[in-house]
Amino acid sequence: MKSICAVPVSSSSFWWRLLLLLLISSTMTLTVTMAQDRQCVTGYPMDNFCIERGTLLDNNRKATLLFADIHTIHCLVDVDWCVDSGYEVLTPPETPGEEFGRAFELDATGIELTLAEARRVGKCSTCDEGNRGEQRAGFQATYVGTVDPTYVGEPPLLLVEEIHPHTVDCASLLLPEKTTIARTSPYLRNAKLENHRPPVVVPQRDGGDPFSP
């Protein structure tokens, strides 16, 4: 009876092949995870200053989370108190008359891109000199990024990778629209702001108007 002999395989070759398979598997897993973790939302960037105070600085009879769509680009990008406070992305309510949803807090990159895009299309004091747009209020954009897993607070912090005009929706980018929205009353202070900043006092300029150009 003939014996069957296995073809000898060098130990070195075996381990190299195993390492290659592990690297391929890890890369595929990482790619799938990153694709699943990418978030997309179209909405109105709103400064935390106006969210915290409960009403729009440029229209103090209008609750911030009820009238985010009339917020002026001037207030959004010209006023230091607003710019320095950071931004969230607000999404329109499913039912008219309800509060806008608070989808994400924007990271530093998101803030920088928001200011640049708003100043590109808007009409305001700090808008681009060579390419001034005509839009005065209701600035929207589509944001793509990943959620910071280390951030504690609501809404979650978006690590922004891309910003697009609001006419470019998430579906056209082959990404699902964010649907889990944090909501809060416009008259209740944001907990994270409560812990990090003193109560809001709106400074007045010489003319008594804190947001005149």
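## Strand S1 and the model

Strand S1 is mostly covered, with eight of its ten residues buried. Here buried stands for under 20% relative accessible area, while exposed is over 50% and partly exposed is in between (1.4 Å probe, protein chains only). Strands (E, at least two residues) and helices (H or I, at least four) are DSSP runs numbered from the N terminus.

This is a predicted model, in which local features need pLDDT of at least 70 and side-chain atom pairs count only at pLDDT 80 or more, whereas totals for chains, interfaces and linings use all residues. Residues are numbered from 1 along each chain as its sequence is written, and side-chain values use heavy atoms, with hydrogens and water left out.

## A barrel of five strands

Let's follow the strands around. Five of them close into a barrel in the order S1-S4-S5-S7-S6, and the pairing is mixed. Two strands pair if DSSP finds at least two bridges between them. On average, neighbouring strands of this sheet are turned by 55 degrees against each other, direction ignored. For such angles, axes are lines fitted to C-alpha atoms (for helices over the stretch in contact), and the angles run from 0 to 180 degrees between N-to-C directions.

S1 and S4 run antiparallel and are joined by four bridges; aspartate 47 has tyrosine 87 in S4 as its bridge partner. S4 and S5 are also antiparallel, with four bridges, and threonine 91 is partnered by glycine 101 in S5. S5 and S7 run parallel, joined by two bridges, and glutamate 105 stands opposite leucine 157 in S7. S6 and S7 are antiparallel with seven bridges, where alanine 141 faces proline 165 in S7. S1 and S6 pair in the antiparallel sense over six bridges, and glycine 43 stands opposite alanine 141 in S6.

A nonpolar core is a set of buried Ala, Val, Leu, Ile, Met, Phe, Trp, Tyr and Cys residues joined through side-chain atoms within 4.5 Å. The largest one has 22 residues, and those with the most contacts inside it are Ile73, Val77, Tyr87, Leu106, Phe139 and Tyr143. Two or more residues each come from helix H3 (73-77), strand S4 (87-91), strand S5 (101-106), helix H5 (108-121), strand S6 (141-147) and strand S7 (157-165). Which element gives the most to this core? H5 does, with four residues. Apart from this core lies another, of 14 residues, among them Phe49, Leu57, Val79 and Phe100.

Now zoom in on valine 77. Leaving aside its neighbours within four places in sequence, valine 77 is in contact (heavy atoms within 4.5 Å) with Val83, Tyr87, Leu115, Ala118, Arg119, Cys124 and Thr126.

## Rings and charges

How many aromatic pairs are there? The count comes to one. Rings of Phe, Tyr and Trp (its six-membered ring) pair if their centres lie within 6.5 Å; planes under 30 degrees apart count as stacked, over 60 as edge-to-face and the rest as tilted. The rings of tyrosine 44 and phenylalanine 100 have centres 5.7 Å apart and planes at 80 degrees, so this pair is edge-to-face. Tyrosine 44 is in strand S1 and phenylalanine 100 in the loop between S4 and S5, 56 residues apart. Both residues, tyrosine 44 and phenylalanine 100, are buried.

Two lysines sit over rings as well. The charged end of lysine 62 is over the ring of phenylalanine 67, 4.5 Å from its centre, and lysine 178 lies over the face of phenylalanine 104, at 4.7 Å from the ring centre. The rule asks for NZ of Lys or CZ of Arg within 6 Å of the ring centre and within 35 degrees of the ring normal.
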